Amino acid sequence: MKTDDFNKEINRLVGEGITEYEEYNLSAFHQLKGVRQHLNLLQRGFSILIITTVLLLITTAIIFFLYSGNFIKVHSAHSNLKEQSSAIVDTIERLKTENKLLRKKLVTLEEESERLNKLMQQEIHEQESEVVHIFKKGETLYDIARIYYGDGSFYKQILTDNGFKTPFDVKEGTQLKIFLHRKNE
């Protein structure tokens, strides 16, 4: 099964709440789905932060333009500008604090995502020591080695295990044996 097709199938199954598929336990995928949802929330939070900052800058520019163009009486403009500047400074400080918190959460979510990916690779390794992968158009041995071994440099091992000398010898439709126990070698 092509990697993209496999991922789509897993995502479909996880979306339907299925916890096991053939010999795979999908609990790690369910956890990864939760991490992705958290990342999406963080991205929305960053977008809101950026929009708010831009609006504050535009407001400041408008106030400055009105003040310098004498559209507002100088005396009242000065006091309004002071109040608004103070409010803007307070808002910026609050946004900076929120931004720091969101960055910390993002780092935590990235670490959790990495941990879940490692768990998923470990689960695959424990469930099966050898798989047959059918080489598809557009794939590279480097990509296949990254999927099964977590490291693209293992593509040479795939060549050796299957009796090929160069990556150019592998054609579309070729069945490649992947020995998962070699992941730790």
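This is a predicted model: local features need pLDDT of at least 70, side-chain atom pairs count only at pLDDT 80 or more; totals for chains, interfaces and linings use all residues.

**An aromatic pair and its surroundings**

I looked up Tyr 149 and found it at 4% relative accessibility, so I count it as buried, where buried means under 20% relative accessible area, exposed means over 50%, and partly exposed is in between (1.4 Å probe, protein chains only). Residues are numbered from 1 along each chain as its sequence is written, and side-chain values use heavy atoms, with hydrogens and water left out.

Next I noted Phe 154, which counts as buried because its relative accessibility is 17%. A pair of aromatic rings is described by the distance of the centres and the angle of the planes. I found one aromatic pair, taking rings of Phe, Tyr and Trp (its six-membered ring) as paired if their centres lie within 6.5 Å, with planes under 30 degrees apart counted as stacked, over 60 as edge-to-face and the rest as tilted. Tyr 149 and Phe 154 form this pair, which is tilted, with 5.1 Å from centre to centre and 45° between the planes.

**The chain as a whole**

I then went through the protein chain and found five helices and four strands, which are DSSP runs numbered from the N terminus (helices H or I, at least four residues; strands E, at least two). From the N terminus on, the order of these elements is α-β-β-α-α-β-α-α-β. Of the 185 residues in the protein chain, 29% are buried.

**The largest nonpolar core**

Which residues touch the most other members of the largest nonpolar core? Among its 15 residues, I noted Leu 141, Ile 144, Tyr 149, Ile 158, Leu 176 and Ile 178; such a core is a set of buried Ala, Val, Leu, Ile, Met, Phe, Trp, Tyr and Cys residues joined through side-chain atoms within 4.5 Å. Helix 4 (141-149), helix 5 (155-161) and strand 4 (175-179) are the elements that give two or more residues to this core, and helix 4 gives the most, with five residues.

I listed the buried residues of helix 4 as Leu 141, Ile 144, Ala 145, Tyr 148 and Tyr 149. They lie on the same side of helix 4, because they cover an arc of only 100° around the axis, the arc being that of the directions from the helix axis to the C-beta atoms. These buried residues pack against strand 3 (130-134), helix 5 and strand 4. After helix 4 comes Gly 150, whose phi is positive, near 80°.

In strand 3 I looked up His 133, which counts as buried because its relative accessibility is 2%. The side chain of His 133 makes a polar contact with the side chain of Tyr 148 at 3.0 Å; a polar contact is a pair of N or O atoms within 3.5 Å, where within protein one must be able to donate a hydrogen and the other to accept it, and residues adjacent in sequence count only if both atoms are side-chain atoms.

Terms used: Contact means heavy atoms within 4.5 Å.
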